[in-house]
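Take a look at the model below.

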Amino acid sequence: MQLSDPTLLRSSAYVNGDWHPAGASFPVLNPFNGELLAEVADATAADTEAAVTAASAAFPEWSARTAAERSKILRRWNDLILENLEDLAQLLTAEQGKPINEAQGEVRYGASFIEWFAEEGKRAYGDVIPGHGRDKRITVVKQPVGVVAAITPWNFPIAMITRKVAPALAVGCTVVVKPAEDTPLSALALAELASRAGFPPGVFNVLPTSNPKAVGAVLTGDERVKKLSFTGSTAVGKQLMADCAGTVKKVSLELGGNAPFIVFDDADLAAAVEGAMASKYRNAGQTCVCANRIFVQNGIYEDFIAAFTRATQALTVGDGSQEATEIGPLINEAALEKVQRLLVEAERNGAEILTGGGPVEGQELLFQPTVVGGASTDMQMSKEEIFGPVAAVYRFETEAEAVELANATPFGLAAYFYGRDYARCWRVAERLEYGMVGINTGMISTAVAPFGGVKESGFGREGSKYGLEDYLMTKYLCWGGVE
Ligand code: SIN
């Protein structure tokens, strides 16, 4: 890693506008080669309390500024991120493993939330409601909720932070971020750039830690924190939600998915294969919206699976820092074990491995892109997020069967389908129990649309005008005596 600005590689916690070396540290490793990238400060419960104190102290002044004043600083942050795109992408690839082109895409994606909310924060409009009495007037105002805690995942170490932090800061909240322990360096680089952009001390704080439970306990238990936003697994999300109950915090959760990707007989085959490739193999299959179950109708099944398998075999697997790489390593051993367990169980239940099937020799976190044909809903991989470059393809006969199969899961984040009959497209889109539906597209993520799920995939929306709501409270003012 050769950063043109080495000061972006930070290893201390960022609290109250200052870098705080903690007593202990933990290693951050490159998942491709195990190289030590940095020893990072290991924030404790006491550090978390200090960050919450700083964020609480900064809130009155930050929230009193006009949206336009806050917007200027957010825009500077956006510009600095884009000016440092190459360095940020290198850091991201080094700690997360994703191919450098995808990392550059993530930096742009991450910045786009800041740019969007720097503007949208100016439109946190209230309302005027016709009064219920002759002397009554009713107005509704939107106010920032206060201190926000953001707990973010390793698969998008930049974008999942900006997607939460940008709307929060834009409307006047202050924030404490706990990044994932695998990928704190991107978060700390964002903090360095936030400090250069001119956010006042305490407005934005970042706490790397190898002890998420201790830090999380303060973030969920401290009554000064008014809102928790979490992206990660459903199991952890449920626990955090329970932990927030004690202080009745506003909560938003973006949790696991089990995305169906349906290909109807009348689909454009080439487009469906391209969409499935994009959705399945983005970040080596490690996104919550990756196609997890590919359902293909009988009439197109053979053609689809042949073309999809050929495209999968053409993928270049390797070191994310190399331009040619399309599939980087899995994040860690636990991810590898999960993918292997699901594959072994699927084979035991009659799955046919059409290509791939295991790690690249001598590089165990590099998993070969794998296509599983003849998948069935008895297999565990139809019930769990695979979170790796393994595509399971199922056959179906009728539209009703496809919708039933797609909905037969407790999750409801993203779904996709390909077909050309517009009446069916409308019907199926309505019947899918998901927060997001891609119709003839495998890529749905953008700052201008509301990202989020239903059922056990969580609640709350990120991005778009809907993404502001999660950081606002609605207050109604009843004016009497207006004669
Ligand atoms: C996620 O995997 O949680 C987010 C993916 C995205 O924003 O596209």
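Start with the classes of residue. Ala, Val, Leu, Ile, Met, Phe, Trp, Tyr, Cys and Pro count as nonpolar. Asp, Glu, Lys and Arg count as charged, and the others, Gly among them, as polar. Keep in mind that this is a predicted model.

Now go to the ligand.

In Ser445, a side-chain N or O atom sits 2.4 Å from an oxygen atom of the ligand. For the side chain of Tyr109, the distance from an N or O atom to a ligand oxygen is 2.7 Å. Cys288 takes part through its backbone: an N or O atom there is 2.8 Å from an oxygen atom of the ligand. On its own, the ligand has 260 Å² of accessible area, and the protein covers 100% of that.

Next comes the largest pocket. Its space is about 1,100 Å³. The lining counts 36 residues, and Trp154, Phe230, Gly232, Ser233 and Val236 are the closest to the centre. Two or more lining residues come from each of helix 7 (212-221), strand 10 (225-231), helix 8 (234-245) and helix 11 (333-348). Helix 8 gives the most, with six residues. Sorted by class, the lining has 17 nonpolar, 11 polar and eight charged residues.

Where does this pocket lie? Both domain 1 and domain 2 give residues to its lining, so the largest pocket lies between them.

Methods: Residues are numbered from 1 along each chain as its sequence is written. This is a predicted model: local features need pLDDT of at least 70, side-chain atom pairs count only at pLDDT 80 or more; totals for chains, interfaces and linings use all residues. Side-chain values use heavy atoms; hydrogens and water are left out. A polar contact is a pair of N or O atoms within 3.5 Å; within protein, one must be able to donate a hydrogen and the other to accept it, and residues adjacent in sequence count only if both atoms are side-chain atoms. Accessible areas come from the Shrake-Rupley method with a 1.4 Å probe; for residues, only the protein chains shown count as cover. On a 1 Å grid over the protein atoms alone, a cavity is a set of points where a 1.4 Å probe fits but cannot get out, and a pocket is an open set with protein on both sides within 12 Å along at least five of seven lines; lining residues have an atom within 4 Å of a point. Grid points are joined across faces, edges and corners, and a volume is the space filled by probe spheres set on the points. Helices (H or I, at least four residues) and strands (E, at least two) are DSSP runs, numbered from the N terminus. Domain bounds come from an automatic or database domain assignment.
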